[in-house]
Amino acid sequence: MRTDIAEIVLEDASFAEPIPMKTKILFLGDSITQGYDAYHSSLSYANRIARALDADVLNQAIGGEIFDEGIIDEALSYDPDTVIVAYGTNDWALQPSREAFLTAADAFFRRVKALYGNRKLVYISPIFRGGVEGKCTAVGAFGDAVEALKKLSSLHGFHLVDGFTLTPHIEDFFADKDLHPNDLGFAFYAENLLSALKKI
């Protein structure tokens, strides 16, 4: 977890030293990665991963966002060891066509690869989403869209974490019953993601 201290006042012989972290992780994703609907933000999956791995984490997730290479900050001075991308569920709901969906995702993966190609690159495919059975958007069926993203990320050299394996497929683990994990859902998300990351 990353915290920047702007000012500190020490008295007498007191001193402060930064705690060295073992690794640095950059998260790029939507509201789920942002930690939306976590009752305690410290219990979102990204923050849980930071503590478990003793990692300095920069979370640049944006609620409601889709694959958009334009939001990648090329001037970012943060130098991560690992970049974790977690987009896709909003794209399935919002993209105007399957072609636009695939084009945007492809461009995003390409840009991340160009900027961080010598780092460990991880893609988390969309997690369980309730209410999608038998439903199609302009992109198509949810399951088909997820499979397309898995293949595309692998083509660009990303290590794949199957999002469907991260959370229970039960509404009690979601704050809104079908999309955003609650604190308990994030506990499962983080535990299963940690296991997957250790295998990479």
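**View A. Strands β4 and β7 in the predicted model.** β4 and strand β7 (residues 159–161) are joined by three bridges and run in the parallel sense. Within this pairing, isoleucine 124 lies opposite valine 161 of β7. The model shown here and in the other views is predicted.

**View B. Strands β3 and β4.** Strand β3 (residues 82–86) is parallel to β4, and four bridges connect the two. Valine 83 has leucine 121 of β4 as its bridge partner. Strand β4 covers residues 120–124, and four of its five residues are buried, so the rest of the structure largely encloses this strand.

**View C. The largest cavity.** One cavity of 30 Å³ or more is found in a search of the whole structure. The largest cavity holds about 90 Å³ of space. Its lining includes Ile124, together with Ser125, Pro126 and Ile127. Asp30, Ile32, Thr33, Ala86, Tyr87, Thr89 and Tyr189 also line the largest cavity. By class, this lining has seven nonpolar residues, three polar and one charged.

**View D. The second largest pocket.** The volume of the second largest pocket is about 160 Å³. Residues lining this pocket include the run Phe128, Arg129, Gly130, Gly131, Val132, Glu133 and Gly134. Phe142, Gly143, Phe164 and His169 are also among the lining residues. The lining of the second largest pocket divides into four nonpolar, five polar and two charged residues.

Key:
Residues are numbered from 1 along each chain as its sequence is written. This is a predicted model: local features need pLDDT of at least 70, side-chain atom pairs count only at pLDDT 80 or more; totals for chains, interfaces and linings use all residues. Side-chain values use heavy atoms; hydrogens and water are left out. On a 1 Å grid over the protein atoms alone, a cavity is a set of points where a 1.4 Å probe fits but cannot get out, and a pocket is an open set with protein on both sides within 12 Å along at least five of seven lines; lining residues have an atom within 4 Å of a point. Grid points are joined across faces, edges and corners, and a volume is the space filled by probe spheres set on the points. Ala, Val, Leu, Ile, Met, Phe, Trp, Tyr, Cys and Pro count as nonpolar, Asp, Glu, Lys and Arg as charged, and the others, Gly among them, as polar. Buried means under 20% relative accessible area, exposed over 50%, partly exposed in between (1.4 Å probe, protein chains only). Two strands pair if DSSP finds at least two bridges between them.
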